[in-house]
Amino acid sequence: MKFISILAGLALAITPAYLAAQNNSPDPPAEQNHVWNHGEFQAYGDYFHFTQATKPINFVGLGARVDFNTNPYLALEANMTYDFAQNYTSSTTNGANTSFARTSIRPLTGLFGPKFQLGTSGPVRGFLTGKVGFINFSGSSKAINGSAFSGAVNNVTGSGTHVALYPGAGVEFFGGPIGFRVDVGDMMYMNNGLNNDLRISGGPAIRF
């Protein structure tokens, strides 16, 4: 699959950067390692390229994730993402008329799984992840607010929810406990067969 190849290439690309940073940076005191390596919290912006519609839709949204380290190279991570309704365009066959419409679909995604990380104490670290969970395609005409999100959560057990898998990779940059993390992966879900869509997320992160 094309996304799997992208992830493999990303993993190969970030490994030398991580090793160089480790070799060129002094080791932090052991006390700091212990303080900052229990886990990580991140709030992030999300991009989801949804290709199963008549025309692909580029969803954007917000999410949060938390992970807890079981050892320096393995963490267990959970995240939830809520994407907002988006506009899309349609045109006639000859392209003479173009109209704009707004989809009511708002994807809600929840995932859990391992995160394999190249160390936990350096200023730069790469990681691979493979998570399982759900993706829900709920429809709502409400404005973006708390009730719209809670309504999507309540609909998770409905027919619009599908089993999801997420193989991904990324890189983190830290200055002490504060940093920035970027993920890219293949949002795979079962809906009339296996579907594959690109998902990218990034935002500030805190180690604790």
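Colleague: What does Lys131 touch, not counting residues up to four places away in sequence?

Modeller: Lys131 touches Arg65, Glu77, Asn79, Leu111, Phe112, Gly113, Ala164, Leu165 and Tyr166, with residues up to four places away in sequence left out. Keep in mind that this is a predicted model.

Colleague: Noted. Which strand is Lys131 in?

Modeller: Strand S7, which covers residues 124-139.

Colleague: Is Lys131 buried or exposed?

Modeller: Lys131 is buried, because its relative accessibility is 4% and the cut-off for buried is under 20%.

Colleague: What polar contact does the Lys131 side chain make with Glu77?

Modeller: A side chain to side chain one, at 2.8 Å. The side chain of Asn79 also makes a polar contact with the Lys131 side chain, at 2.8 Å.

Colleague: Let's follow Asn79. Which polar contact joins its side chain to Tyr44?

Modeller: The side chains of Tyr44 and Asn79 make a polar contact of 3.3 Å. So the Asn79 side chain has polar contacts with Lys131 and with Tyr44, going by the 3.5 Å limit for such pairs.

Colleague: And where is Tyr44?

Modeller: In strand S1, residues 39-50. Tyr44 counts as buried because its relative accessible area is 4%.

Colleague: What surrounds Tyr44?

Modeller: Leaving out residues up to four places away in sequence, Tyr44 touches Gly61, Leu62, Gly63, Ala64, Arg65, Asn79, Met80, Thr81, Ser201, Gly202 and Gly203. There is also a C-alpha separation of 8.4 Å between Tyr44 and Ala205, although they sit 161 residues apart along the chain.

Colleague: How do S1 and S10 pair?

Modeller: In the antiparallel sense, over 7 bridges. S10 spans residues 194-207. Take Phe48: its bridge partner in S10 is Arg199.

Colleague: What about S9 and S10?

Modeller: Antiparallel again, with 13 bridges. Met187 stands opposite Asp197 in S10. The S9 and S10 hairpin has 3 residues between the strands, and Asn192 takes a positive phi near 55° there.

Colleague: How many residues lie between S8 and S9 in their hairpin?

Modeller: There are 2. Gly176 in that turn has a positive phi of about 75°.

Colleague: Switching to the surface. Which residues make the nonpolar patch?

Modeller: Val132, Val163, Leu165, Met190 and Leu194 make a nonpolar surface patch of about 420 Å². Val163 belongs to strand S8. Leu165 is also one of the residues that Lys131 touches.

Colleague: Last topic, the fold. How many helices and strands?

Modeller: The protein has 3 helices and 10 strands. From the N terminus the order is α-α-β-β-β-β-β-β-β-α-β-β-β.

Colleague: What fraction of the contacts joins residues 24 or more positions apart?

Modeller: 64%, taken over contacts with a separation of 6 or more.

Key. Residues are numbered from 1 along each chain as its sequence is written. This is a predicted model: local features need pLDDT of at least 70, side-chain atom pairs count only at pLDDT 80 or more; totals for chains, interfaces and linings use all residues. Side-chain values use heavy atoms; hydrogens and water are left out. Two strands pair if DSSP finds at least two bridges between them. Helices (H or I, at least four residues) and strands (E, at least two) are DSSP runs, numbered from the N terminus. Patches are made of residues with over 30% relative accessible area and no salt bridge: like charges are joined within 9 Å, nonpolar side chains (Val, Leu, Ile, Met, Phe, Trp, Tyr) within 5 Å. Accessible areas come from the Shrake-Rupley method with a 1.4 Å probe; for residues, only the protein chains shown count as cover. A salt bridge is a side-chain nitrogen of Lys or Arg within 4 Å of a carboxyl oxygen of Asp or Glu. Buried means under 20% relative accessible area, exposed over 50%, partly exposed in between (1.4 Å probe, protein chains only). A polar contact is a pair of N or O atoms within 3.5 Å; within protein, one must be able to donate a hydrogen and the other to accept it, and residues adjacent in sequence count only if both atoms are side-chain atoms. Contact means heavy atoms within 4.5 Å.
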